[in-house]
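Me: Can we go through the salt bridges in this one? Here it is.

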Amino acid sequence: MAAPTDCSLIATDLDGTLLRGDDTLSDRSLAALAQAERAGARHLVVTGRPAPRVRSLLGDLGCTGLAVCGQGAQVYDAGTDRMLWSVRLDRELAETALGKIEAEVGEVYAAVDQDGVDGRTLIEPGYRMPHPTLPSVPVERRDDLWARPISKVLLRHPRLSDDALAAAARSVVGSLATVTMSGPGTVELQPCGVTKATGLALAAEHLGLRPEDTIAFGDMPNDVPMFRWAGHGVAMADAHAELKAVADEVTLSNEDDGVAVVLERLFGRTAGVGRQRSAQYAPKTLSIEP
């Protein structure tokens, strides 16, 4: 195998970044990732989706190693189908946080991702899944959401925008949970201090790689901690303004193979091209946000 480039770790979000709108991977993206891996780089999926909802996608990518799932709450080993590391969201804290949010903005609709490699996504009446292709299990009452340990809570409001709901939640939740926004209709509560950056840092350490070795791709505010941790952050063309503000560059949209465009530039047709061109990216000195 050829020696790795300066970008030895490629961290990609899925929805709105590597995946097209129909939840598929383009041939061009697959080819660009394969070329980067032949050059010695490692590809790591870093997604808000829980591990059970990425198994088939990891198979499409030929991934038999690690993946960071659940907004950083899970480090999953696809090869052995087990969690190397996971953090649960305390259900009592989650209920308290929901109560504070509803006291601030009125009724919200909630769903939860259960912990574990076989965890299900449960949705209460009124909640609409932002990704209709992802499986979910309706429950009759909110109390049913807390039947098993969970990794996160997903929220929707009947009138407020995602930005407004996320801002209101942050203003009242405090240290009960971390509030993130990961896509249209997807405001989430996860364990306090857990972000994509914390999960990525653990996975990178396991692989023997560093922040300055890493190029990260994303499109939403939940990718901000990952960009601040990584040596180089690339936002998609239609990324949220909050992420673009901290990105090192902006590429084309996910529909236009923006990830592939950058990887082709970095790695070219040979490992040597990749090493030469990646030198333009000076690593940043940043820390993981709690």
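Me: What do the side chains of Asp115 and Arg88 meet in?
Reply: A salt bridge, 2.9 Å from N to O. The term means a side-chain nitrogen of Lys or Arg within 4 Å of a carboxyl oxygen of Asp or Glu. This is a predicted model: local features need pLDDT of at least 70, side-chain atom pairs count only at pLDDT 80 or more, and totals for chains, interfaces and linings use all residues. Residues are numbered from 1 along each chain as its sequence is written, and side-chain values use heavy atoms, with hydrogens and water left out.

Me: Where do Asp115 and Arg88 lie?
Reply: Asp115 is in the loop between strand E6 (109-114) and strand E7 (121-123), and Arg88 is in the loop between strand E5 (82-86) and helix H4 (91-105), so the pair ties together parts 27 residues apart in sequence. Helices (H or I, at least four residues) and strands (E, at least two) are DSSP runs, numbered from the N terminus.

Me: Is Asp115 buried or exposed?
Reply: Buried, at 9% relative accessibility. Arg88 is exposed, at 53%. Buried means under 20% relative accessible area, exposed over 50%, partly exposed in between (1.4 Å probe, protein chains only).

Me: Next, what does Lys152 form a salt bridge with?
Reply: Glu188, with the closest N and O atoms 2.9 Å apart. Lys152 is in strand E9 (residues 150-156) and Glu188 in strand E11 (residues 186-190), so this pair ties together parts 36 residues apart in sequence. Both Lys152 and Glu188 are buried.

Me: Which residues are linked in a network of salt bridges?
Reply: Asp13, Lys196 and Asp223.

Me: How many salt bridges does the count come to?
Reply: 17.
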